[in-house]
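Here are my notes for someone opening this structure for the first time. Have it on screen while you read, and take the points in order.

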Amino acid sequence: MSALKILVIPGSLRTGSLNAKLAATLAAELTQAGSDVTRISLADFPMPIYDGDLQAKSGIPKTAINLKRMMSSHHGVLIVTPEYNASIPSLLKNAIDWVSRVQDPHEARGQVFRDRAFAIASASGGRLGGSRALMALRLILTACRAQVIPNQLSLPFATDAYDDKDRLKQPPDIDAQDALVRQLIEISQHMM
Ligand SMILES: Cc1cc2nc3c(=O)[nH]c(=O)nc-3n(C[C@H](O)[C@H](O)[C@H](O)COP(=O)(O)O)c2cc1C
């Protein structure tokens, strides 16, 4: 069987992003567990704010088609999102909105969400660890009819969550990380 390919998408472009750091940590754990991991930045897929008139006039941006195809070439997708005002950042929502409009030949629109496993994680400096963003992201992906795995990771007090090798140091965080990695691999393998 070919190696399981997992795409990791951080939902923040910020220098020093807590979510980019968590995405890197989870990517390392997924690699350690034997998957072939690609970690991208949404900075490489710039898109205008979704507007139906713009889509009618100019079509879907090539960057959205590229992101959709990047997702299609992986068996599983892990999204690591910040929490903005109890939801997900517009950067991430906009990318999902555009990708959900892409229709490649011989595919239904939005099929990219249905054919692979999705996992979600979040980090925040506060006590809630971005858990409300995870609720919002799960709802959005489920509306796209994605298979979102039950396990998720919300990392509270994220500035103090790592050891000096950038690994999670608190047992509950490590347990949640391991459970998420294990389940993402297991469900992605079943969907291959
Ligand atoms: C517009 C905005 C809204 C925010 N709302 C929340 C929030 O609702 N809950 C929360 O825990 N943190 C909130 N924060 C703080 C972010 O979680 C924090 O800045 C986090 O570090 C952003 O993720 P990043 O480090 O990956 O860029 C907000 C930040 C911004 C800029």
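1. First, a term for later: a residue is buried under 20% relative accessible area, exposed over 50% and partly exposed in between, using a 1.4 Å probe and protein chains only. What you see is a predicted model, where local features need pLDDT of at least 70 and side-chain atom pairs count only at pLDDT 80 or more, while totals for chains, interfaces and linings use all residues. Residues are numbered from 1 along each chain as its sequence is written, and side-chain values use heavy atoms, with hydrogens and water left out.

2. Start with Ala 86, which is partly exposed at a relative accessible area of 33%. Ala 86 sits in the loop between β3 (76-81) and α4; helices (H or I, at least four residues) and strands (E, at least two) are DSSP runs numbered from the N terminus. Its C-alpha atom is 8.3 Å from that of Ser 131, although the two are 45 residues apart along the chain.

3. Have a look at the backbone of Ala 86 too: phi is near 65°, a positive value in a residue other than glycine. Most residues other than glycine have a negative phi. Arg 145 also has a positive phi, near 65°. Arg 145 belongs to the loop between α6 (131-143) and β5 (147-148) and counts as exposed, at 56% relative accessibility.

4. Now the ligand. Which residues surround the ligand? They are Ser 12, Arg 14, Ser 17, Leu 18, Asn 19, Pro 82, Glu 83, Tyr 84, Asn 85, Ala 86, Ser 124 and Arg 132, taking a residue as near if one of its heavy atoms lies within 4 Å. By class, this shell has 4 nonpolar, 5 polar and 3 charged residues. Here Ala, Val, Leu, Ile, Met, Phe, Trp, Tyr, Cys and Pro count as nonpolar, Asp, Glu, Lys and Arg as charged, and the others, Gly among them, as polar.

5. Zoom in on oxygen atoms of the ligand. One is 2.7 Å from a side-chain N or O atom of Ser 12, a polar side-chain atom of Asn 19 lies 2.8 Å from a ligand oxygen, and a backbone N or O atom of Ala 86 lies 2.9 Å from a ligand oxygen. A polar contact is a pair of N or O atoms within 3.5 Å; within protein, one must be able to donate a hydrogen and the other to accept it, and residues adjacent in sequence count only if both atoms are side-chain atoms. Taken alone the ligand exposes 620 Å², and the protein buries 67% of that, by the Shrake-Rupley method with a 1.4 Å probe; for residues, only the protein chains shown count as cover.

6. On to the rings: there are 2 aromatic pairs. Rings of Phe, Tyr and Trp (its six-membered ring) pair if their centres lie within 6.5 Å; planes under 30 degrees apart count as stacked, over 60 as edge-to-face and the rest as tilted. Tyr 50 and Trp 98 are edge-to-face, at 4.6 Å centre to centre and 65° between the planes. Tyr 50 lies in the loop between β2 (36-39) and α2 (52-58) and Trp 98 in helix α4 (residues 90-99), so this pair ties together parts 48 residues apart in sequence. Trp 98 is buried at 0% relative accessible area, whereas Tyr 50 is partly exposed at 28%.

7. Phe 113 and Phe 118 are stacked, because their ring centres are 5.7 Å apart and their planes are at 25°. Both Phe 113 and Phe 118 are buried.
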